[in-house]
Amino acid sequence: MRRSSSPLRRLPQVLLVVAASAAAVAWPGGAAATLWPNVPEQIARALTSGDALERRLAATRVGELAPETAIRLIQRGMSDPDVEVRLHLAGAAVRLRMPRAGDLVIEWLGEGDARLRLAACDVIRAAPTDRSVVALGRVLGDPDPHVRLAAATAMGAAGLPDAVSPLLGHLDDTAPEVRAEVARALGRIGDARAVVPLIGKVQDSVPEVRKATARALGELGDPRAVSALLLALQDASQDVRVEAVTALGRLRSDDATSAIADLVTASPGAAGAFPGARPSDSATSSNDVREAALRALGRIGSDAAVKALLAALAKDNPAAPRSAVRDALVSAGAAAVPALVAALAAAPSANAAAGAALVLGELKAREALPALARGMQRGVVPLRHGLRALGALGDPAALPGVLELLGDGDPAVRAEAIRAATALLDPARPDGRAVDPARALLVDPATAPDEKLALVQLLGRTGSPRAQAALLPLAKARSTPLRLAVIEALGAARAAGQLGAAVDAALLAALDDESADVRLRAAIALSRVAGPGSARPLLQRLTVAAEQDRGALGIALSGALSRADDAGGASGAKAARDASGKGLVHEVAAAIASAPDAARDALIEGLGRMPGQAAGAALARMASAAPIDDRRKIAEALAGHPEAAAALRKLAGDPDPGVRANAVWSLGAAGDKDALPLLVPLLKDPDVAVAGNAAGAIGRAAGRAGQPARAAAALCAALPDARPYVRANALAALTVAGARCDGDAARDLLARDPAEAVRLAAADHLARSGADDDRRALARCAAEDRNAAVAGRCARAAPPRAPAAGAEDVVVFVVPFDAGRGGSVRDAPAPRAPFALVRADGLMRLGVADRRGELFERGAPRGPIRLTVPAPLVK
């Protein structure tokens, strides 16, 4: 569902989300096998056995133990006389990212068995120390090239300046793969002493070495490398040329603009070859070189670079959803706007004008609106592309010009005009200008059915009472797609007075529709706009409804209760209580006591969303004697009641991990700095959902209290945790709290952590720094990370921008991906399904869904949310 962008309202959203899992979902209680209590003792005894075979077998099982126990056994066993035992323990140390493990293997670097020397390099790479990295220098001359390669890799990963001199001494290693790795290591370390020696390697006889050298020179960012990189643009290897032009882009060298522009305009294969080099058999094509050149011009962003990019627009396809040329101009940013506006004022080709308009739209360059409008009026900018640009521009001042084209004779132009007008409207800011032209087309028999659906959405986005009055008669349309669209549009904004009551009545009637899709859509609409007077009728219907209706009624009731006070009227209003003198809170609580399981979660959630202390007190009273499923939901619902924080603290110690996980997460929303002493110990809770949520809660609570130092003290200590989601949430929580760990912990996690979630969180964390070391780490990640999602996040990392204003309540239904059914999506939400919800601020909420397969997230920051692999499936 589209999420409202207004900061003025908090309208609940309902999302049907598929759990992103490549395996069958593991349910609570059956996620993983556990070790018998005596197994750690058995393994410890076996490691001291006189039988080498028994010690080897025990060493293979050390990784199964709790991290604290495993680390202790590894420390004892690293000096075992048996090579196989030591190799197994080294592997466990790498997997556990054992702190300071590098110091334990320094002596291995002098062992006669090459396997031990290789293992030592791997351990030092995973857990480097200053002593161990310096010690690697002596094995750069090892007779085995694999050991030399591993040593160079570890030295580069550590990033220690003391490694520069030994590495420079081996730039001429006899093995080309070692020379390439030495160059990469020097680039990673970022020491300027390496620039001149690396310039000499641009003419190495092996393409892979030249490629690594070009990349390293780009990472070093020294302008002395420009001439050598310009020479590399003529290399016979397309891979080398890509790295060279990318490096010049990183250097932002305007002196290279002319040569880079030639790569954009050259026909495939036209560039000259590097003297004496053999043709490359790389899969990289000349088109890859051209796209790299475009990106480099965008990074340079000078007048000459923008001019070259504008020339490339003439051969670009504006109908393509994305293009390398347009992306490059967007990356040039505000510096490109004057040239783009000037291009529209001239007489460009249709492609160039369309491309320039689209770029201005993506840049949100509102100052370009007059030029865009004139270009469309003159026929310079094709209407379809101009409308697309105006929609992306997001300036409501463009709406009148867009509305003029709603009735254009070209169906493609009409469709784009409807899309643009819809994008320019926000139901939280009512705007009736689009109502009359849209309504006229909607009732026109000549209007195509698909256009009618789009017009209904447009009318909903206006937020205008006149639009809702026009939509109401269509709420019972025969066409199911049209009826669904109308119901969704009626739920876009709350109407007042008699019109609001009429909308509520129409949506309530739709809850009786025989179509499940219609009932669900009506429930979602009611949850967003139903007046508080609808709460009692919905409550009554829920308590007597047929089983198949309770899901929809629960969604609707939860939203209606969020706008009702204890008397059942609007929040803050004075309204009469019922005849018994008891308020709505009492009615909901009484209904919970007698309701079947299918309705209890909806009622508890609704009570949690009700404003006022009475609702919080009712939930706190129920928590003490409720069954497990109720306690889980109560712990979630109390996030909206800070006055009941004492009940949440008690639930945070509940025997059930699902209850603890929800309580801890809710403390992040409702707790203050006084909750931090309770949350910090929970970072070590044996349940990953509890520990991960504790990290997120610490970041949120400390951030609100303005205490980043307290957040750092707790969260930095959690970064070595063996559980990926705890590490990831600790990083995201540091970002939310505005805190930072000493040293290069986040850069280390970005470079070496095996978990995608951790590296994504590290990329977001480093992007907010702006420090040179962090920018270099992100650039290396973008170029080298084998995971496309991580590399893309690093490439798109940017300095912090103000977050989208406001927050909103979100309902998510978890529909697991079921590998056991051939990789299909299940037909319905799964009760008590484990989930991992990733919010727009990067924090993950972990736990299990309620008895409906639902979770409620209060006050989610505006932006995209998604489900990722549940914690029980992550290793």
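Which residue takes a positive phi in the hairpin of β4 and β5? That residue is Gly 842, with a phi near 90 degrees, in a hairpin that has 5 residues between its strands. The model here is a predicted one, where local features need pLDDT of at least 70 and side-chain atom pairs count only at pLDDT 80 or more, while totals for chains, interfaces and linings use all residues. Residues are numbered from 1 along each chain as its sequence is written, and side-chain values use heavy atoms, with hydrogens and water left out.

Helices (H or I, at least four residues) and strands (E, at least two) are DSSP runs numbered from the N terminus, and two strands pair if DSSP finds at least two bridges between them.

As for the pairings themselves, β4 and β5 are held by 5 bridges, and Pro 834 sits opposite Val 848 of β5. On the β7 side, 3 bridges link up with β4 (residues 834-838); Ala 836 faces Thr 868 there, and Leu 837 has Leu 867 as its bridge partner.

So how enclosed is β4? Of its 5 residues, 5 are buried (under 20% relative accessible area, with a 1.4 Å probe and protein chains only), so the strand is largely enclosed by the rest of the structure. Pro 834, Ala 836 and Val 838 point one way, and Phe 835 and Leu 837 the other. In a regular strand, side chains alternate between the two faces of the sheet.

Elsewhere, two arginines sit over tryptophan rings, meaning CZ of Arg is within 6 Å of the ring centre and within 35 degrees of the ring normal. Arg 700 has its charged end 4.7 Å from the ring centre of Trp 665, and Arg 86 lies 5.6 Å from that of Trp 108.

Finally, the whole structure holds 3 cavities of 30 Å³ or more, a cavity being a set of points on a 1 Å grid where a 1.4 Å probe fits but cannot get out.

Notes
Buried means under 20% relative accessible area, exposed over 50%, partly exposed in between (1.4 Å probe, protein chains only). On a 1 Å grid over the protein atoms alone, a cavity is a set of points where a 1.4 Å probe fits but cannot get out, and a pocket is an open set with protein on both sides within 12 Å along at least five of seven lines; lining residues have an atom within 4 Å of a point. Grid points are joined across faces, edges and corners, and a volume is the space filled by probe spheres set on the points.
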